[in-house]
Amino acid sequence: MTQNKLKLDTLESWLWESANILRGSIDSSDFKNYIFGLLFLKRSNDVFEEEVENIMECEGYSREEAEDETYFFLPEESRWDNLKKHTENIGIALDKAFAAIERENTSLEGVMTATKFGDKEKLSDELLQRLLRHFNQHSLRNEHLESGDILGDAYEYLIKQFADDAGKKGGEFYTPRGVVQLIVQLIKPEPKQKVYDPTCGSGGMLIESARYIAEQPNGKVGNNINVSLYGQEKNLSTWAIGKLNMILHNFMDADIRKGDTLVDPKHRNEANELDLFDRVIANPPFSIGEWWTPAETNIETKLDKNGKEKKVTPQYNSVVSDPYARLQYGIPPRGYADLAFIQHMIAVLKQDGKAGVVLPHGTLFRGSSEGKIRQALLEADLVEGIVGLPSALFYNTGIPASVWIINKNKTEAQKGKVIIIDASNDYKEGKNQNEIKPKHISKIVKAYDEATEVDKYMRVVDLKEIAENDYNLNISRYIDTSEPEPEIDLSKVRSKLKNLVEQEDTINTRLEKFLNELGL
């Protein structure tokens with residue numbers, strides 16, 4: 001086994017090669033589930049062995065005594081040397097190994113067993129042997145890594161690569177990093193704050209928020225970043241990846257829960273009230289339908305005009321069953337959950353909190369119930385800013401999106417106004433997806449923070465003007481990016497036409513002369 005310190009580029013190419021081993025056996029969108037599980041298993045084994053050896057050396061303990069003192073206990077059936085010995089039913093052995101880890105470490109319940117290795121139709125013993133041999137090439141002990149956070153960086157690289165490889169399906173668990181960095185820099189999380197993502201996917205927005213905080217004064221306490229991270233994710237395998245992502249980035253206390261946020265928000269206090277957060281950040285799935293369950297229909301007994309009892313069935317066709325009273329500004333249509341997510345985010349914000357959320361462009365101008373909700377949000381003066389993004393940034397859609405910034409505690413200068421930015425041209429063109437680069441982020445954030453109007457790019461729009469536009473936030477209504485038509489000098493045009501006519505007459509005269517000389 002190689003003992004040299006692993007550099008990031010070596011680690012990245014080594015891990016990505018494991019995907020090539022799987023290629024052709026399973027769908028590329030599922031690569032991540034298997035590889036992340038094996039990566040975590042190998043890392044857990046190597047760190048466990050490293051810790052046991054250090055305790056034995058420093059404390060003079062026996063191996064058995066040292067194992068009992070480890071921070072993360074790895075049961076016998078989960079240890080790498082034992083798994084390497086299997087030549088058949090390897091997938092079943094791996095499933096048992098992951099189940100044993102969960103049994104010994106309750107915080108990982110449901111995480112390790114979210115993916116099943118025991119299906120020989122997908123993963124033969126020969127294929128799994130190749131994978132185990134591949135993962136055995138390098139040690140993932142702390143002493144053999146170039147830096148403490150290199151594994152987290154490599155993990156992020158893999159998430160990006162898997163999203164690229166999975167194409168449209170990649171959008172289910174990954175938000176492009178440039179978009180994440182932009183939102184984080186717009187909402188500016190601070191040390192000691194609670195940051196929450198209700199649709200956290202693989203956890204990239206939470207990790208980027210923590211990175212931002214680490215660069216602020218008092219952003220770190222010792223080696224730990226001074227922040228509390230919370231998230232919820234509906235998809236089981238994506239939730240498991242998010243949990244592992246937090247651990248590999250050393251956010252051991254991150255509270256990432258599993259479930260549908262709109263139906264069953266998991267972060268609640270003992271009184272069954274929603275927990276509140278300082279910053280909320282999210283990229284919810286765009287315009288999902290069938291997002292709510294109608295309230296229970298109870299048969300009521302009422303008296304008619306003659307005083308006789310009659311059975312009445314209340315009409316709940318447009319009523320949402322939500323015991324947490326999140327939809328204070330209106331009920332979105334059942335086919336579009338976008339403004340339900342934003343109302344959930346508002347409901348869990350502290351009174352001085354701020355949120356940033358990616359929503360499809362349609363939320364800026366769609367009418368009916370969504371128009372009424374948008375009006376209510378604007379009249380409550382909760383919308384601090386709107387940033388129109390370029391098209392083709394996301395894996396799951398080519399349509400342009402927008403960033404909504406929600407602020408429950410606007411400054412006096414911000415009250416009654418909305419910052420609107422047209423950043424649709426701020427991108428680097430890519431083969432499959434466009435990309436927001438650091439220079440684009442800096443330009444957008446600078447314009448937003450300075451709140452000084454930039455021609456054809458940014459305006460601070462008064463709510464009175466928005467009301468005059470029926471609370472339509474379509475960016476083109478407020479920022480005219482068209483170029484003026486050049487003025488036409490009619491006298492010059494007439495003079496040019498006259499010259500052309502004269503030239504034509506000259507040519508005709510010469511042509512007639514040549515034809516006469518030729519006898520034609």
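Hi everyone, and thanks for coming. Before we start, a word on what we are looking at: this is a predicted model, where local features need pLDDT of at least 70, side-chain atom pairs count only at pLDDT 80 or more, and totals for chains, interfaces and linings use all residues. Residues are numbered from 1 along each chain as its sequence is written, and side-chain values use heavy atoms, with hydrogens and water left out.

Let's begin with the spaces. Rolling a probe the size of a water molecule over the atoms shows where empty space is left. Here the work is done on a 1 Å grid over the protein atoms alone: a cavity is a set of points where a 1.4 Å probe fits but cannot get out, while a pocket is an open set with protein on both sides within 12 Å along at least five of seven lines. A residue counts as lining if it has an atom within 4 Å of a point. Grid points are joined across faces, edges and corners, and a volume is the space filled by probe spheres set on the points.

How many cavities of 30 Å³ or more turn up in the whole structure? The search finds 2. The largest cavity has a volume of about 100 Å³. It is lined by 14 residues, and N33, V111, T115, A240 and L244 are the closest to its centre. When I say helix or strand, I mean DSSP runs numbered from the N terminus: H or I with at least four residues for helices, E with at least two for strands. By class, the lining of the largest cavity has 9 nonpolar, 4 polar and 1 charged residues. For those classes, Ala, Val, Leu, Ile, Met, Phe, Trp, Tyr, Cys and Pro are nonpolar, Asp, Glu, Lys and Arg are charged, and the others, Gly among them, are polar.

The second largest cavity holds about 40 Å³. Its lining includes N89, F117, K120 and D125, and α5 (90–104) gives the most to it, with 3 residues.

Now to the second largest pocket, with about 720 Å³ of space. Of its 25 lining residues, Y71, F72, I247, N250 and M252 lie nearest the centre. Helices α2 (31–59) and α10 (236–248) each supply at least two residues, and α2 gives the most, with 8. The lining divides into 13 nonpolar, 8 polar and 4 charged residues.

Rings of Phe, Tyr and Trp (its six-membered ring) pair if their centres lie within 6.5 Å; planes under 30 degrees apart are stacked, over 60 edge-to-face, and the rest tilted. There are 9 such pairs in the whole structure. F40 and F72 pair edge-to-face, 6.2 Å centre to centre with 85° between the planes. F40 lies in helix α2 and F72 in the loop between α3 (63–68) and α4 (80–84), so the pair ties together parts 32 residues apart in sequence. Both F40 and F72 are buried, where buried means under 20% relative accessible area, exposed over 50%, and partly exposed in between, using a 1.4 Å probe and protein chains only.

Next, Y196 and F277 are stacked, at 4.4 Å centre to centre and 10° between the planes. This pair links strand β1 (residues 194–197) with strand β6 (residues 277–282), 81 residues apart. Y196 and F277 are both buried. There is also an aromatic cluster of Y34, F98 and F117.

On to strand β10 (residues 383–388). Is it mostly covered or mostly open? Mostly covered: 6 of its 6 residues are buried. Strands pair if DSSP finds at least two bridges between them. β10 runs antiparallel to β11 (residues 401–407), with 5 bridges, and V383 stands opposite I406 there. With β12 (residues 417–422), β10 runs parallel through 4 bridges, and V387 stands opposite I421.

Finally, the backbone. In the loop between β10 and β11 sits A392, whose phi is near 60°, a positive value in a residue other than glycine. A392 is partly exposed, at 21% relative accessible area. A451 has a positive phi of about 50° and is not a glycine either. You will find A451 in the loop between α13 (438–450) and β13 (458–462), partly exposed at 37%.

That's my tour, and I'm happy to take questions.
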